[in-house]
Amino acid sequence: MDPINRRIQVPAAGLALPLALLLAAGCASTTPRKAPPSAADLSALTVSAEVALKRGDCREASENYAKATAGPDVKLARRATEVALACEDLPAGWTAANRWRTLAPADREANALYAMVALKLYRLPEARSAIADYCRLDLQMGPQTPAPAGAGASPKANTPDRAVRGLADLVSLLLEETDPSAILAATSAVPEPIANAPRTLTLLGELALAAYDGPRAESYARRALEQDPKDLAAMRVLGRAYVLSGDAAQAIATARGAIAVDKVRGGLELAEILASLDRVEEAHQQLESLRGSGVPAAELDRRLALLAFQSGDLKEARQRFSALLASGEGSDAAQLYLADIAARDGDPERAIAEYRRLYDSTVALPARSRSAALLLNRKARAEALTLLDDYATEHPEDELALTLTKAHLLADHGEADAGLALLGAALERHPQHPSIEYDRAVILEQAGHVHESVTALEQLLTQRPDDPTIENALGYTLADHSLELPRAEGLIKRALTVMPDSPAALDSLGWVHFRRGDARGAAGMLERAYAIDHDAEIAAHWGEALWVSGEQGEARKVWAAALAREPDSRPLKATLARFIPDAH
């Protein structure tokens, strides 16, 4: 029985006395309410919070600050919210953000951070309310700059533009911390005239693309283009929406329309569209055709290097990234790609040496994480973990991200129990944190604890009903282990109503069909998922569906192309080992 639905059974004959006692207790509850904390109590809590913060006890600091917000001090409520968010203590953050917004309902920042915590907790109605209030406050504030002299504009003529910029800033902030599909759902309450401004429509279109909702992205783009048929940002959204839907002809036609408006920007967009459609050679030719058009040569070379890397042409990618660095036009990102190429080429020593040069750079976190993975491959466990621990000491703001990275690295290298122990300790520091709870469920499944993983995902779904990421994860886990296949399909289809073009959810739906014996039907869904995101695990599933359907030649082609892109993919290598044991 599902523990969430389990009920305590009480014999009927035993009901009378407990019920009488309960009623008596209710009638006798005439004691006065507990007095609110005094100013001295609140001050003590604040001091205690600061002391805890200095000694590194984030949870105690966050909880004491949250308790201290019971008073009327707005600045204290703000400080409590900021500390809780920095400490990733979401229960304390919710208490503090609620109090701050209650004390200062006209504070834009209070509404912004309240919306952030609400989205982290997947409280969409509360997030909608705060975002709507944030926008209304911008509309009430008037323009940042006066209208041009003699224009005859009213004092608030520029208000919508200011409010649209404010919404863009808010969305940018929220994207750093929360999921695009949740933000997209929460922006449905953006008031007029902000909601119909062209820049808002393209902003929401970009958000819909990030949330894998092609139909909504297309709708927003078309509404923006109705107001300005030459809006390049809207054309970009529209073209990419067509890519998500699989309409290559319309995607290319839209990009060519952008070229008619702006030859350079439209030309770059056409190259991006062609690359997204996996038409690599055409994308390469399009970029080369822009030489001499005003695009800096270094920018074209950077795009060509990235195109080669993404398509699996590591030789060309290495040459181009190396040339960029030699010319002084390279960056930390270019150096990181060179290290990645060395790792993919099977040269871990060179890769680690390349990563080491980036340990204190702008890409330090991915460089250290990838280097740690290579060190774990050669059993240098202590060195690998120290590499991450040292960075966490210097950058406490990244402590949670590093903990999650360490847990997955350990699980990937046969130490799932150690990874789970790390996540258990992290939950002590960051109670009820959905990212930790989600990753714990993933690693439980990886460790073979399937029923525990399913239970963990079920519990998350009760806390975050209708969260498409959780629905898809639970549906896929059930399907991958041939459990409750009809329910698995229902969960995944519900996720697809929110993110209809999600490659992960499309892959899950295809996998359900495969598990139900419909390999040919599964292959079509998996092909579409792979067209959106060239992920090696999706390729593994697609190839398997093709193989079982009798199309072994096509399966080999799919696997070979994916292997060129991601030669170290564990799911892909495991699938190849089952079907082509002698493959290298």
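Guide: Let us begin with His-541, which, leaving out residues up to four places away in sequence, touches Tyr-476, Asp-507, Trp-511 and Leu-526. Please keep in mind throughout that this is a predicted model.

Visitor: Where is His-541 placed, and is His-541 buried or exposed?

Guide: The place of His-541 is in helix 30, which covers residues 536-548. His-541 counts as buried because its relative accessible area is 6%, and the limit for that word is under 20%.

Visitor: Which residues is Glu-269 in contact with, away from its neighbours in sequence?

Guide: Glu-269 is found in helix 14, residues 263-276, and its contacts, once neighbours within four places in sequence are set aside, are Arg-236, Arg-240 and Ala-255. With a relative accessible area of 11%, Glu-269 is buried.

Visitor: How should I check the length of a helix, for instance that of helix 16?

Guide: The expected span is 1.5 Å times one less than the number of residues. Helix 16 has 15 residues, 297-311, and should therefore span 21 Å, which agrees with the 21 Å between its end C-alpha atoms. Its buried residues are Leu-300, Arg-303, Leu-304, Ala-305, Leu-307, Ala-308 and Phe-309, and these pack against helix 14, helix 15 (280-289), helix 17 (314-326) and helix 18. After helix 16 comes Gly-312, with a positive phi near 90 degrees.

Visitor: Which residues touch the most other members of the largest nonpolar core?

Guide: In soluble globular proteins, nonpolar side chains tend to be buried together. Here the largest nonpolar core has 78 residues, and those touching the most other members are Leu-119, Ile-131, Leu-167 and Ile-194. Apart from this core lies another, of 59 residues, which includes Phe-514, Ala-519, Ala-529 and Leu-572. Returning to Leu-119, its contacts beyond four places in sequence include Leu-124, Ala-127, Ile-183 and Arg-464.

Visitor: How much space lies in the second largest pocket, and which residues lie nearest its centre?

Guide: Rolling a probe the size of a water molecule over the atoms shows where empty space is left. In the second largest pocket that space is about 620 Å³. Its lining has 24 residues, and nearest the centre lie Glu-177, Asp-179, Pro-434, Ser-435 and Arg-464.

Visitor: Which helices supply the lining of that pocket, and how do the lining residues divide by type?

Guide: At least two lining residues each come from helix 6 (108-120), helix 22, helix 24 (434-446) and helix 26 (468-480), with helix 24 giving the most, four residues. By type, the lining of the second largest pocket divides into twelve nonpolar, four polar and eight charged residues.

Notes: Residues are numbered from 1 along each chain as its sequence is written. This is a predicted model: local features need pLDDT of at least 70, side-chain atom pairs count only at pLDDT 80 or more; totals for chains, interfaces and linings use all residues. Side-chain values use heavy atoms; hydrogens and water are left out. A nonpolar core is a set of buried Ala, Val, Leu, Ile, Met, Phe, Trp, Tyr and Cys residues joined through side-chain atoms within 4.5 Å. Buried means under 20% relative accessible area, exposed over 50%, partly exposed in between (1.4 Å probe, protein chains only). Contact means heavy atoms within 4.5 Å. On a 1 Å grid over the protein atoms alone, a cavity is a set of points where a 1.4 Å probe fits but cannot get out, and a pocket is an open set with protein on both sides within 12 Å along at least five of seven lines; lining residues have an atom within 4 Å of a point. Grid points are joined across faces, edges and corners, and a volume is the space filled by probe spheres set on the points. Ala, Val, Leu, Ile, Met, Phe, Trp, Tyr, Cys and Pro count as nonpolar, Asp, Glu, Lys and Arg as charged, and the others, Gly among them, as polar.
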